[in-house]
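Let's take a friendly walk through a few residues and the core of this protein. Have the sequence and the 3D view ready as you read.

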Amino acid sequence: MFTLVSAATVNAQLSTGSLSGTVVDPLWAPIPYAQVSITNVATQEKLITITETDGTFHANALLAGTYTVLIAKSSFKQLLVENAPVNAGSELGLGALQLKLGEASTTVRVQSVSGLVERDR
C-alpha cells in the first residue's frame, strides 16, 4: 500500500506548533467558555478560540514564532501572556492561567513564560 503526502502538507507540519492551557478562577476551578485570542507577534495573524467546559484550550497548526495570548471572560480581569514561543513540531503548554475577579477592562500582564512545558509532537 502506498500513501501519498504532498510537499505542502509535510512543510506545514514541519513549520507549525501548538499552544494549550487551562483557564481557572481564583479558587482554581475551571472557567468554561472564556475567549482566548492568540496573536502572532510578527504577522499580527489572530486566532480566536473558546475554552472547553473543563477550562482547557488548544490551538494547533500555529506558525512557529512568538505569540501573545489574551484571555477574557465577563466578571474577570483580562489576562495577557506575552512572548509565548511556539516552536515547530512541538506544543507549548501554558499550564493553569488564573483569572482574577474584576472588571474586564483591566488587564493583568504576564511577560515571562519561562518554566512552561514544551512537548515534542
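The side chain of Ser-37 makes a polar contact with that of Gln-35, at 3.4 Å; such a contact is an N or O pair within 3.5 Å, where within protein one atom must be able to donate a hydrogen and the other to accept it, and residues adjacent in sequence count only if both atoms are side-chain atoms. This is a predicted model, with residues numbered from 1 along each chain as its sequence is written. Local features need pLDDT of at least 70, side-chain atom pairs count only at pLDDT 80 or more, totals for chains, interfaces and linings use all residues, and side-chain values use heavy atoms, leaving out hydrogens and water.

| Residue | Place | Relative accessibility |

Beyond four places in sequence, Thr-53 is in contact (heavy atoms within 4.5 Å) with Pro-30, Pro-32 and Tyr-33. Its C-alpha atom is 7.2 Å from that of Ile-31, 22 residues away along the chain.

Now for the core. Which residues touch the most other members of the largest nonpolar core? They are Leu-19, Ile-38, Phe-57, Val-69 and Ile-71, out of 21 residues. β6 gives the largest share, 4 residues.

Conventions: Core = buried A, V, L, I, M, F, W, Y, C linked by side-chain atoms within 4.5 Å. Buried < 20%, exposed > 50% of the residue type's maximum accessible area, 1.4 Å probe, protein only. Helix = DSSP H or I, 4+ residues; strand = E, 2+ residues; numbered from the N terminus.
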